[in-house]
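Please look at the model below.

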Amino acid sequence: MTFWAHPDWSDRSKVIYMVITYCLLVLGYTCVNIPYGTLCGAMTQDIDERAKINTSRSVSAMVAIGIINIITVPLIGKLGSQSAKTGYLLVAIIYGCIFAACHFFCFAKTKEQVIIPEKEKISIKVQLRAVMQNRPYILALIGQVLFGFTLYGRTASIFALLTGISMLCMFFFNVKETPAAFYTLAGITQFFFSGFNTAIYAIIPDCVEYGEWKTGLRNDGFQYAFVSLGNKIGMAIGTALLAALLGKYGYVANQVQNPAVLSIMRHSFTTIPGVLWIVTAIVLFFYRLNKKRYNEIVEDLKKNRVK
C-alpha cells in the first residue's frame, strides 16, 4: 500500500495517504519485530550463545541489506520498464512476501528454552517503576535513543567511539576530490557500526535477567518495546530537525543546492552523527554488567525458581 503510487492525486491527498500507510507499515513492523527481538532471550541464558545468535543475526542482516542495495534499482527498472510506479509496487510485493515467509519460518522453527515465571497482568506503572531500577537497561535505552539520532556494554562503547571518530574523519574528504579516502572511511565506519549493532542487541536480554533479579519482575516484551520506542523517537527527532533545517535554508528538490544546504547535508552525515556516536560511547562506558556478574545473576535466578 505504501508503494502504490497515485500521481493523479493532489499533493495534500498524497501526503495524507503517505502518512497513514507509513504509520501502518511501521506499526506492523513493530508488532513483528518486538517478539522477534525478545526471542534471543527466550532461547538461551548463556551469554556466549546469545552473542553467537546476535552476531549471526547482524551479519545476515548486513548481507541482506547489501544484496537489496545492489539489486533493488535494477529490479525496479526491469519490472517497471513501462512505468516506475509499477516497478516500485512489484518490488515491494516481492520483498513483502519474502519478509513474511522468512518470519513464518523463523517462528515455526525456533523453540523457547528459558523457563520464565507464570505471566500475570502487570500495570504499566509497575513495569515502568521496575525499568527505572534497572541501571544497565537505562544506559542501553539512552544508547538506543542516540543510535536513532545517527541512523552495548564496554564492547559496544568501543565500537560506538570508533564509528564516531571515523565519521568525523569523513568530513575532511569528499567523493569528487578524494573518492578513495572517502569510500575507505565509509567502509571502516560501516564495519565499526556492524560491530556496534551486534553488541547492542545482545545487551537487552542480559538487562532482562538483571531486571528480574533486581525487582522480581520479568518483562522481556515491555523492555524491548521501550527500547524500540526510544530508537524510533531518536530517528523521528533527528529526521524532523534535518528536514526543518534544509527547508529553512532553501532546499529545492531535484535542483542544484545552495552552499548553506550543501553544508548542512555534509555535516548531517559526518560531524553531527560523529559527535552523537562519541556521546553514545561515553554513556555505554558506564555499563557494568559483565560476563562474570551476569552468570552470578543467572545462578541466583535459577536457585530462586527452584525454591
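In which sense, left-handed or right-handed, does α8 pass α9? The crossing of α8 past α9 is right-handed, a term used when the near helix is turned clockwise from the far one by less than a right angle. The model is predicted: local features need pLDDT of at least 70, side-chain atom pairs count only at pLDDT 80 or more, and totals for chains, interfaces and linings use all residues. Residues are numbered from 1 along each chain as its sequence is written, and side-chain values use heavy atoms, with hydrogens and water left out.

Helix α8 covers residues 220-248 and helix α9 residues 259-268; they pack at about 160 degrees, with axes 9 Å apart. The two are therefore roughly antiparallel to each other (an angle over 145 degrees). In this pair L242, L245 and L246 of α8 meet V261, I264, M265 and S268 of α9 (contact means heavy atoms within 4.5 Å). By class, the α8 contact with α9 has six nonpolar residues, one polar and no charged.

The largest nonpolar core has 13 residues; such a core is a set of buried Ala, Val, Leu, Ile, Met, Phe, Trp, Tyr and Cys residues joined through side-chain atoms within 4.5 Å, buried being under 20% relative accessible area with a 1.4 Å probe, protein chains only. Among the residues with the most contacts inside this core are A160, F196 and W277. Two or more residues each come from α6 (153-170), α7 (179-215), α8 and α10 (271-285), and α7 gives the largest share, five residues. Leaving aside neighbours within four places in sequence, A160 is in contact with F196, W277, I278, T280 and A281.

Technical notes. Axes fitted to C-alpha atoms, helices over the stretch in contact; angles between N-to-C directions. Helix = DSSP H or I, 4+ residues; strand = E, 2+ residues; numbered from the N terminus. Parallel < 35°, antiparallel > 145°, perpendicular 65-115°, else oblique. Nonpolar A, V, L, I, M, F, W, Y, C, P; charged D, E, K, R; others polar. Buried < 20%, exposed > 50% of the residue type's maximum accessible area, 1.4 Å probe, protein only.
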